[in-house]
Amino acid sequence: MTAVLEVRELSVRYRPRGRVVHAVDSLSYSVGAGRTVAIIGESGSGKTASSRAIMGLLPRSAQVSGSAVLNGIELIGLGARELRRHRGHDVAMIFQDPARSLNPTMRVGPQIAEAIRAHRPISRAAARERAIELFRLVRLSAPEQRYSEYPHQFSGGMRQRVMIAMALSCSPRLLIADEATTALDVTTQAQIMRLLTGLQAQLGMAILMISHDLGLAASFADDVVVMYAGRAVERAPARELFGNVRMPYTSALLGAVPRLDRAAHTPLPVIGGRPPVLSAPPGSAPSAGCPFAARCPRADDRCERERPELAEDEAGHAYACWHPLAGSSHEISGEA
Amino acid sequence: MTEPLLAVRDLVQEFTVRGQGGVRGGVLQAVSGVGLDIWPGETLSVVGETGSGKSTLARSIMQAPPPKSGEVTFRGVTLGTLRGAALRDARRSIQMIFQDPYTSLDPLWPVARIVAEPLIAAGVSDRGERRRRVGELLEQVGLDLGAHGRRRARELSGGQCQRVAIARALAASPALIIADEAVSSLDVLVQAQVLNLLEGLRTSLGLSYLFIAHDLALVKQVSDRVAVMYLGRLCEVGPADEVYARPRHPYTVELLDAVPRIEQGERPARDAAADALADAAAEAPSPVHPPSGCRFRTRCPRAQARCAQETPLLAPGQGAASGHLVACHFPIAAGPEPERGHPTARAPGPERGRAAEPAAGPERGRAPATNTAATKTIASDSK
């Protein structure tokens, strides 16, 4: 199976005020047709910067290197005009806050029709038809009526359905969902995720899911990439990853997830500290050791000195760790 | 202890909304007759989705603004009868922590001043004494006066900001802390740290909490009791263990099912997932025009004709544990613990029947144990 998106050694660097920030450092993964890949990480781990680099949505000051091949076309280094041709057509994106992604002064339907007409030479009437058809696809009730309503008349979940409809308007091969359900209620989140998985099965598109929610990744992704301090630290098929956690960071994240089976008034296992500062003086290499070493309960001298590279084992499970966990399910490391 | 710390009776809060741009105006019934107690040292969590009125409930308890009707009694004093300085004094014992740590702290004030202000209000006039107390309070939340005292909110991380907000709340020596989605926007590792901090403070200071959240999983670790709220009314109240293990209201079941799980084999089948619900079936109706009778009936898989006519009241169900109340005409039977987290529990069924078929329950494809229980209740009820 050929991948819809193949990302190799993708790096994003900023240079604010004479320093260098390695926001994303040599990230590699691929997304096959009809598959879902989740990129998981905390704020500042580089998960969003990596997806925006693919879309060409980073500010000019960002230096992007490496490769991202979508449908056989290299996206990194493309000019604005070529990129615009791919955005929407081959790859579309939905964001966290649907209220801010819609124009509040414009009726919802025409916003979608406009997006369609920007990519396809069709008449207004045909675009309207297509928009209503898309509303039906994302299960908006009374689509004809909804067409001429304003965003403020929609709930958060309905607005996200509109954003999905807009993203699907040109049948993209790849849909990037950047924290698309984070701002929604759990019940609405479940509905939107069911809708997305259903549409994926129907349309055969690939989904790249950017999230901080491990539960969501476990429920809806085929493959998971865990990012920490700009680097992929663990990557595996979802079932393998969650059943067989190797990287202590992933284990710490898993331990902190709110769970329904946790007894009341028992302390959650947490690790101290914060992610490392990613900025460094120019010219200096990104820090020598493992970026997680300072917070890791298993770290030793070697972790401080040498950086473990992401290496794959026989089960297709890749992790960057000198002292991986034995692989028992849900082992929780870290002091309480 | 014979008297609850906080007693809320028949609290009603309504707002008049103006019709605008296709949205019909009217009276928004944010909270409709809610009653609850919080005992000293207890944590009660109110859980519900956006628009369920849970935040309005918290603000009405604080008398900000005072509720339209109903009574809020704190330590035996009815807050609605207090005015001016007396109300401010009483309010000092109930402190709030909000969701967004950045916007709930003054961006121009250094941390030490933010934490010192409640002390000034409480009449601690000696500067040295205030500084000593600020140092103590910051230490209690895991911050350091020397390292953090002169920083401003933007120089702190989200978790540190939330710690400052907690220190500020503690400065007033409260008995009750209302945490309105206080950890919802934090990263998972920081969230766990803040939850642990709140738990530690509860035991060391003997605090009571009212936790407000939209996610049942988030409050599982801190709750003694849980109240589930939908469109301004309580659906279910009970000891946390009971509500999580044996939910009786269909809405509670929906909330529990919506929690993404990490256990293996939970991924829903693609073809089953294709059957996503339409927005009208999936979302709450407007609180300006709530459904008659049971407000959940438009989304309920078990709804029948009676649900549209009669408003179900909170009552102990048959065989339920003490203190476990449910407001439902056709509650899920209090049987043995159904096997939650079963793969089929996530799979959505066909379009839900609306207030018609009593047999709608089994069709939805819920976990088998719940199904049989559901059918039994309905059968015995229709006799």
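Conventions. Residues are numbered from 1 along each chain as its sequence is written, while chains are lettered from A and ligands numbered from 1 in the order in which they are written. Because the model is predicted, local features need pLDDT of at least 70 and side-chain atom pairs count only at pLDDT 80 or more, but totals for chains, interfaces and linings use all residues.

**View 1. The five-stranded open sheet of chain A.** The strand order is β5-β4-β1-β2-β11, with antiparallel pairing. Strands here are DSSP runs (E, at least two residues), helices are DSSP runs too (H or I, at least four), and both are numbered from the N terminus. Two strands pair if DSSP finds at least two bridges between them. The edges are β5 (73-74) and β11 (279-280) of chain A, each pairing on one side only. Inside the sheet, β1 (residues 3-14) and β2 (residues 20-32) of chain A run antiparallel over 8 bridges. One bridge partner to find is A:L27 in β2(A), which faces A:L10.

**View 2. The eight-stranded open sheet of chain A.** Pairing is mixed here, in the order β6-β7-β8-β3-β9-β10-β13-β12. At the edges stand β6 (91-94) and β12 (311-312) of chain A; each has a single partner strand, so one side of each lacks a neighbour in the sheet. Strands β9 (residues 223-228) and β10 (residues 231-237) of chain A are antiparallel and joined by 6 bridges. A:M227 has A:A232 of β10(A) as its bridge partner. Strands of a sheet pair through backbone hydrogen bonds, either parallel or antiparallel.

**View 3. The side of chain A that touches chain B.** Two residues are in contact if their C-beta atoms, placed from the backbone, lie within 7 Å.

**View 4. The largest nonpolar core, around B:V115.** This core has 201 residues, and A:L174, A:A217 and B:V115 have the most contacts inside it. Domain 1 (104-170) and domain 2 (247-260 + 280-381) of chain B both give residues to the core, so it lies between them. The domain bounds come from an automatic or database domain assignment. A nonpolar core is a set of buried Ala, Val, Leu, Ile, Met, Phe, Trp, Tyr and Cys residues joined through C-beta atoms within 7 Å. Buried means 20 or more other C-beta atoms within 10 Å of a residue's own, exposed means 12 or fewer, and partly exposed lies in between, with C-beta atoms placed from the backbone. Neighbours within four places in sequence aside, the contacts of B:V115 include B:V134, B:L137, B:V164 and B:A171.

**View 5. Helix α7 of chain B and its cover.** Helix α7 (residues 188-205) has 18 residues and reaches 25 Å from first C-alpha to last, close to the 26 Å expected. That expected span is 1.5 Å times one less than the number of residues. Its buried residues include B:V188, B:L189, B:V194 and B:L198. Their cover includes α11 of chain A, together with α6 (158-171), β7 (176-180) and β8 (208-213) of chain B. Just after α7(B), B:G206 takes a positive phi of about 65 degrees.

**View 6. B:I38 in its strand.** B:I38 is found in β2 (residues 26-38) of chain B. This residue is buried, with 23 other C-beta atoms within 10 Å. Leaving aside neighbours within four places in sequence, B:I38 is in contact with residues including B:P4, B:L6, B:L176 and B:L210.

**View 7. Backbone exceptions in two loops.** Most residues other than glycine have a negative phi, and most peptide bonds are trans. In the loop between α1 and β4 of chain B, B:Q63 has a positive phi near 60 degrees. B:Q63 is partly exposed, with 18 other C-beta atoms within 10 Å. B:P65 has its place in the loop between α1 (54-61) and β4 (69-74) of chain B, and the peptide bond from B:A64 to B:P65 is cis, with omega near 0 degrees. In chain A, A:R139 has a positive phi of about 60 degrees although it is not a glycine. A:R139 sits in the loop between α5 (124-137) and α6 (143-147) of chain A and is buried, with 24 other C-beta atoms within 10 Å.
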